[in-house]
Amino acid sequence: MKIKKICILIILIILALSLTGCSNNNENEQDLHAKVDSEMDYLDAELILILGKLNNISFSNYMVEEREVDLSSNASEKTASTSRENSQSSNSGGESSSSEGSSSEGDSSGGEGSSGDSSGGENQNNQKINVTEMVTQSTLNINYDDVKWDEIASSLDTFYTSWNTIILDLYKLNINGEDITSFSGKLDELLLNIKNQDKVAALRSSAELYSYIPKYLNGYSNDNGFKDLANTKMHILNAYVGASIEDWTYSDSELALAEQSFTNLMKNAEFMSQKEYNVNKTYITLKELQTSNQHRDKTIFFLKYKNLIQEIDIL
């Protein structure tokens, strides 16, 4: 009987340990999925920003602007204002001429003091400072060819560092190895295109990099809403590249595919129950972008593209 009890006890201990191990494994896997979800959000945000910068488009309505202020101009204005005031005071008080002689010595000594002040003012007049301020930014007034290449290259330095960490997590989730190495190759291509300041090639490389996000999501995620949203964005970005190079036929076809993906999202009852208002608003903005393509005008497209990206990011 004792042996039987001991055997039962051993079996119970083994079962408890195995169940604890399964629980820990499930928790670790859930944590990894959540981490990679955040990493996909990072890739999404960075690639959209790079694509925007390639046309000098910012998704903020304000921008920080630096300008140089010449203090000498301010000092000159103050001096001129003081001179006018002194002149007016002299004209109004001209009737007491007897006081002029008695104050001549004071004027003389005061003259010496004023000459010392003028030398100090001269030093101040040579000063120039840089100030920064927030200014409104209109998409209609943007120079789309004024690309900040150095700024994009700096962003890519950080991107490379982050990608090295993301690679490891993707391999842990058994994502197709070829899709991971292909992304690395495309990232190198983008860097070379930025280095060569080849705007068209850089736009295409960035959009191709984004196309891997839906592939990764299909490899590990069960969140259909997340996947439909990524597919929608991919086609919107392709349409944006088409508009940038004035391939309007390609832009039209990609926007049609974007609508198809977004319609799938709108059929997701769980997603709609949480964000119905924002989904409907985003759909209207998408249709507005489609309609704008009939004008074959980049300025109009970029304005409505910017609005669409801002709306879809809320989701």
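Visitor: Where is Arg 296 found?
Guide: Arg 296 is found in the loop between helix 11 and helix 12. Helices (H or I, at least four residues) and strands (E, at least two) are DSSP runs, numbered from the N terminus. This is a predicted model, in which local features need pLDDT of at least 70 and side-chain atom pairs count only at pLDDT 80 or more, while totals for chains, interfaces and linings use all residues. Residues are numbered from 1 along each chain as its sequence is written, and side-chain values use heavy atoms, with hydrogens and water left out.

Visitor: What is the phi of Arg 296?
Guide: Phi of Arg 296 is near 55 degrees, a positive value in a residue other than glycine. Most residues other than glycine have a negative phi.

Visitor: How accessible is Arg 296?
Guide: Arg 296 counts as partly exposed, at 38% relative accessibility. Buried means under 20% relative accessible area, exposed over 50%, and partly exposed in between (1.4 Å probe, protein chains only).

Visitor: And Asn 56, buried or exposed?
Guide: Asn 56 is buried, with a relative accessible area of 19%. Asn 56 is not a glycine, yet has a positive phi of about 60 degrees. Asn 56 is found in the loop between helix 1 (2-53) and strand 1 (62-70).

Visitor: Changing topic, how many aromatic pairs are there?
Guide: The count comes to 15 aromatic pairs. Rings of Phe, Tyr and Trp (its six-membered ring) pair if their centres lie within 6.5 Å; planes under 30 degrees apart count as stacked, over 60 as edge-to-face and the rest as tilted. One of the pairs is Trp 163 and Phe 183, which is tilted, with 4.2 Å centre to centre and 35 degrees between the planes.

Visitor: Which helices hold Trp 163 and Phe 183?
Guide: Trp 163 is in helix 5 (residues 149-172) and Phe 183 in helix 6, 20 residues apart, and the pair links distant parts of the chain. Both Trp 163 and Phe 183 are buried.

Visitor: Which residues do ring pairs link into a cluster?
Guide: The cluster consists of Phe 59, Tyr 144, Tyr 240, Trp 248, Phe 301, Phe 302 and Tyr 305. Both Tyr 240 and Phe 302 are buried.

Visitor: Which residues of helix 10 are buried?
Guide: Among them are Trp 248, Ser 251, Glu 254 and Leu 255. What covers the buried residues of helix 10 includes helix 9 (224-244), helix 11 (269-292) and helix 12 (298-314), where contact means heavy atoms within 4.5 Å.
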